[in-house]
Amino acid sequence: KKNYKNGKLNGVKQEFHINGNIEEEETYIDGILDGYVKEWSSKGILLRHCTYTNGKANDESKAFNHKGALVRSQMYKNDVLNGESLTFSDDGTLIFRGNYKNGALDGEFKKWDIEGRLILDTTYKADKCHGIYKEIKYSSSSLNHIISCSNCGCCSCYTTVCCGCGSACNCTSGSKGKTNGTSNSRNRFKLNICNNTSNTTSSRN
């Protein structure tokens, strides 16, 4: 179902599933998306909702799973990510929260596992890791396991690339022989502080 004015789409455009249920609804002005956009499953469950202005995504964009639960919320300005971005598991657990500025990660960046435990906590500036980088590993051990990068001297990632200087790590690892605060804790973590962040490899969602 479409509406035209002077040969251009104007008003609400609708498309339907084969079973007759609405599939998509968009709003146009003079052939350009301007207004809300919505998508539904064949069972009538809302899957996507966003708003366009003059053909570009603006404000909050939401995505839902086939049970109707919110799985992603992102803020846009002129078709570019700007503001808070959230991702949820199918059961509603928050698994990612980050902030964007002009399409680049800028500000708080956190990740959680599907059990809701924090596994990554850092800050970005202009799409590069900036400042403290904390990655948490969960295991049966209560030892504080640290990996040190021989290139920049900082405590590094549980990967082959230093999150501080971005170079391939010739790292030495070792358990420091102390607990991380509580006798029954299951957390093992490393804390990275490095001033050289110009070549840092980002860990996006």
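**Aromatic pairs, cysteines and local geometry in an all-strand model**

A search of the whole structure finds 0 disulfides, a disulfide being a pair of cysteine sulfur atoms within 2.5 Å. Cys-50 is buried at a relative accessible area of 3%, and Cys-129 is buried at 2%; buried denotes under 20% relative accessible area, exposed over 50%, and partly exposed in between (1.4 Å probe, protein chains only).

The model is predicted: local features need pLDDT of at least 70, side-chain atom pairs count only at pLDDT 80 or more, and totals for chains, interfaces and linings use all residues. Residues are numbered from 1 along each chain as its sequence is written, and side-chain values use heavy atoms, with hydrogens and water left out. The mean pLDDT (the predictor's confidence in each residue, from 0 to 100) of the chain is 74, and 67% of its residues reach 70 or more. Over residues 141-203 pLDDT stays under 50, and the model has 146 contacts beyond four places in sequence for this segment, a contact meaning heavy atoms within 4.5 Å. Where pLDDT is low, the predicted coordinates should not be read in detail.

The secondary structure comes to 0 helices and 17 strands; helices (H or I, at least four residues) and strands (E, at least two) are DSSP runs numbered from the N terminus. Of the 205 residues in the chain, 36% are buried. Among contacts between residues at least 6 apart in sequence, 27% join residues at least 24 apart.

The structure holds 2 aromatic pairs. Rings of Phe, Tyr and Trp (its six-membered ring) pair if their centres lie within 6.5 Å; planes under 30 degrees apart count as stacked, over 60 as edge-to-face and the rest as tilted. The ring centres of Phe-96 and Phe-109 are 5.3 Å apart and the planes meet at 70°, so this pair is edge-to-face. The pair links distant parts of the chain, with Phe-96 in strand S10 (residues 94-101) and Phe-109 in strand S11 (residues 104-112), 13 residues apart. For Phe-109 and Tyr-124, the centres are 5.0 Å apart and the planes are at 55°, so this pair is tilted. Here Phe-109 in strand S11 is linked to Tyr-124 in strand S12 (residues 118-125), 15 residues apart. Phe-96, Phe-109 and Tyr-124 form one aromatic cluster. Both Phe-96 and Phe-109 are buried, and Tyr-124 is buried with a relative accessible area of 2%; the value for Phe-109 is 1%.

Lys-38 lies over the face of Tyr-36, at 5.2 Å from the ring centre. The criterion places NZ of Lys or CZ of Arg within 6 Å of the ring centre and within 35 degrees of the ring normal.

Gln-74, in strand S8 (residues 70-77), is buried with a relative accessible area of 14%. Its side chain makes polar contacts with the side chains of Tyr-76, at 3.4 Å, and Ser-85, at 3.5 Å. A polar contact is a pair of N or O atoms within 3.5 Å; within protein, one must be able to donate a hydrogen and the other to accept it, and residues adjacent in sequence count only if both atoms are side-chain atoms. Not counting residues up to four places away in sequence, Gln-74 touches Asp-59, Glu-60, Ser-61, Leu-81, Glu-84 and Ser-85.

Asn-54 has a positive phi of about 55° although it is not a glycine. Asn-54 is placed in the loop between strand S6 (46-53) and strand S7 (56-64) and is exposed at 53% relative accessibility. Asn-78 also has a positive phi of about 55°; Asn-78 is in the loop between S8 and strand S9 (80-88) and is partly exposed at 45%.
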